[in-house]
Amino acid sequence: MKKTKLKLNKVFIILILVMVAVIIINVTSDKSRLVQYQEEVSLNDYVNAYMLLNNEQNISYQRFLNENDITYGLSDLDATLQTTPHSEFFGYEGVVALLNKESSVSYAVDVNMEGLYYFNIDYFVDEEVLTDVIVSIAVNGETQYNESDLVILPLQWRDVSKIYETDRYNDQLPPSHERIVDWMNTDFYDNRYTSIEPLLFNLETGINNIEITTKSLNDIYAGQLKVVAPKNLVSYEGYLDAHPDNYPVDTLVVNSIEYVSKNSPFVRPDNETTPNAFPSNNKNKMINILSGWDKAGQEIVFNVDVEQAGFYSIYTHGMVFEYDFSVFRTIKINGEVPFEEARALEIKETNEKYEINDFGFKFYLNEGENTISFKNEVGMFSQSIDDLQYLINHINEFSLDVKKASGSNIDEDRTWDFTNVIPETESYLTAYRDMIIYNIVRLSEYGKKQDLSIKLSYLNRALRVIDKILEEPDDLPLYVDDLYMGSGSVNQLLGDTIQFINSSNYEFDLFIISNEDQRNYNATFIQNVGYFLSTFINSFSNEKYTLKEDSESIQIWVSRQTTYVDLMQKMIDKDFTIKTGIRVDLSVMPNVDKLVLSSAAGNTPDGALGLPSYVPYKLALRGTLYDLTEYDDFWTYSADKFVPGSYIPYAINDGVYAMPETLTFNSLVYREDIFTKLDLEVPDTWDDVIGLLPKLQRYDMNFYYPTAGGGSIKWFYQTTPFLYQNNGQIYNENGYEVDLTSPESIKGIEFLGNLYTTYSLPEQVPSFYNDFRYSKLPVGIIDFNTYVTLKNAAPEIEGKWKLANYPGTLNQETNVVNRSYVGNGTSGIVFKNSDKKDQVWEFMKWWQSEETQTTFAYDLYTTYGPLYLWLPANKNAIANLPIDDDDKLIILEQIKWLRDVPRTPGQYMVERGLSDIWNEMVFSGYSARYAIDRQVLIMNREIRLKMTEFGYFDDEGNMIKDYSIRDYDYFYNKFLENGLEE
């Protein structure tokens, strides 16, 4: 009985605890405030806030539309070419003008009634161009809004074949795609497709001049330009009334991979291993979906053959990858949007499952062939995106004004009365708050959880920051960084929201044309269970890309992710093996140390790729690598493809033991908007940087140099560029000791220390990417990875930053700015004990060729997205990459100055010693000369010990064999002798 009571008491206590937990969760969890927001901020409050933050110099397209009324019923017009016609027409029936980097194309149009019109143009792009063309549009000599500087002329793409080849594992290979090289036609949209309808331009009564200027380095040919009056589309009811009342019983299923054209190479045929994507296979990969369909403006076109004309429903089957937000697609039938409601049709969030979507409308299809296209839209968010960018711009400018007034050194104990310094302070903060709230309400319409949707979480956080600042607006100088700088600032949260709502990812499986209900299309429960059980069993026998032996193939180990190796193997099988008959087996190598271990065990592959630059030297020093200069054509092959500095780390005496595979570059990056606001000049030399610093630091900003990144150990790329820019050397010619005590070397190292001790550069920067986005460090030195991140993960500063040449040191005698920087990439090697060295060399030459590297870069870029941008060591392939032309010119200029550090035994101590020199100069206050002298003895002693270990000295310190440093000049002269053109 007693035990029973104890048990009941325990149960009772547990119930009480559960109830208390439920109450706590309910009290502390987020609750919707949508009704409160709707009552708190009216449309009138929003408009007043918008007008208060008005900036006459920064006109967005959305603002242009808000300030100009659209007049319907105007006449369409043909513009007349004013530029001298070009002689080549490429089969075009009409007058053609050449548009290139040096020239613009001008048209004139006689308008009988002032109003807003949009433009439509015929254009032809040279076949070697593989990226969309960006042009700017000026009307009567003026740019009417920001987006008219970023008008896109998209390229069209198609699959080379719809018959999918299979690899050695019977997996289907994604098809290669090719450009459709022909005359094309497009309405003008900005490059982010922020509007659902084409861009409108204001034309005056009378003659108007329309000037088109390209930003492309390649030739574009412009044909007829039409000036089109905006028209109201027919309503859905009017559309139904305009066609015969016929609803056929036929059903047509069209797989997404059957598209005939697309305007983006990033939309790609892909595989999804699920029983709900058709066709499916649980053992081998089948191409069955389209992925990469996540950017606004991406349009896919299908041809469908209908036996009977009439109205049909169109169902799509796919998965929405956007948390709890809907995505939107416009449907065109035979090139036209059929009715108003067909613009931006909603596909609701599918909860990570493939589901059927019914748009709820009927579409009329003609008998026979019809085209159906689906276009990704974010235009319904355009006003919100514009508002958030509008806020970011104002916060940036207001925060700079706050910095001007309060200074960079904020006294936290001071009593601030800042609303008297800038009387608009509280009004601005309130306006920020009102606009954020209004946009939460506006965007909540598209989220399953309304204002608690994940995509609105950053806006809710930004609102809390503003509310906190508004509690004491007079203390704003203490909290200004919470507005515009660093992690968790309002600007960061607004920028992240823009990125969130700009994404509209839909994995597209198929669409169905039918008048029968198709909503139950997925596999049954039994089919799902059977599929996944079979997949689980098959996983135990999967040996793809594992280390293996095949006496007929050359074995290449690759230090990269499986995604890269998968694509590489497919390229090899489809191209290299077919051309040469040489079979290549790639194997993923998770850890490069495996090469050292396999070398010690005498069990190495024939070659390896993807190796960090320090690995080949370690292996070559131990005698396991083949000297590539033994190949008769090594120097002639390399001379016109690679930059001399990229070979430096792979040399021992006259031998070269690796080929560069990828590179990195260093360049200056700067915020053009901030430089314009503060009237700053872009620095070209380090003297210019020194002159820039007081102006930046006055606003609590600074310059970023890479030594501030990373941990306490600083690497060569962080410590040695100034040494080289001042004509110093790290080693003596024999490599037995360092040469850091020469006047040139001391000058370079001293300047590095002075940047931090005299000129107050930040000593630690955890994330330059973040500090650059949020204006704390609006200028600095970046590498390739940071460049890719800024291009793809900072939408709020798109178009507001630029690359420039790496600042250099001016040589007074030659008047040349030395821009040397230290960088390296990955490399490929051939093992000495391979019995297939000639075959490996043929493979290496194929892999490093311009054609292969260009193809791989594009396939990687289009298969996995722009974050997978590849920078090959082959400089000719770099010229073909899908990079903005202005950026590409900077990159191609900068890699000429790449100068890696020669390798010697004991080098690790040299790198560590240079790091210690920097730390001692910056944190201990030592002079450069004293810090160098302290470390040189340690460096030289370690080099001598390692030289002895590897047989260059005997135990008594006598030199047994020579060791020569092969630096930049050695490779440059070798390249000149073998075909390099200066």
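The accessible surface of the protein chain comes to about 42800 Å² (Shrake-Rupley method, 1.4 Å probe), and 48% of it belongs to carbon and sulfur atoms. The model is a predicted one, in which local features need pLDDT of at least 70 and side-chain atom pairs count only at pLDDT 80 or more, while totals for chains, interfaces and linings use all residues. Residues are numbered from 1 along each chain as its sequence is written, and side-chain values use heavy atoms, with hydrogens and water left out.

The protein chain has 30 helices and 38 strands, taken as DSSP runs (H or I, at least four residues, for helices; E, at least two, for strands) and numbered from the N terminus. Buried residues, those under 20% relative accessible area (1.4 Å probe, protein chains only), make up 56% of the 982 residues. Along the principal axes, the C-alpha atoms fill a box of roughly 105 × 100 × 80 Å.

At the start of α23, a side-chain oxygen of Asp-783 comes to within 3.4 Å of the backbone nitrogen of Asn-785.

Met-51 is exposed (over 50%), with a relative accessible area of 52%. Together with Leu-43 and Val-47, Met-51 forms a nonpolar patch on the surface, with about 290 Å² of accessible area for the three together. An α-helix has 3.6 residues a turn, so residues three or four places apart point the same way.

Technical notes: Patches are made of residues with over 30% relative accessible area and no salt bridge: like charges are joined within 9 Å, nonpolar side chains (Val, Leu, Ile, Met, Phe, Trp, Tyr) within 5 Å. A salt bridge is a side-chain nitrogen of Lys or Arg within 4 Å of a carboxyl oxygen of Asp or Glu. A polar contact is a pair of N or O atoms within 3.5 Å; within protein, one must be able to donate a hydrogen and the other to accept it, and residues adjacent in sequence count only if both atoms are side-chain atoms.
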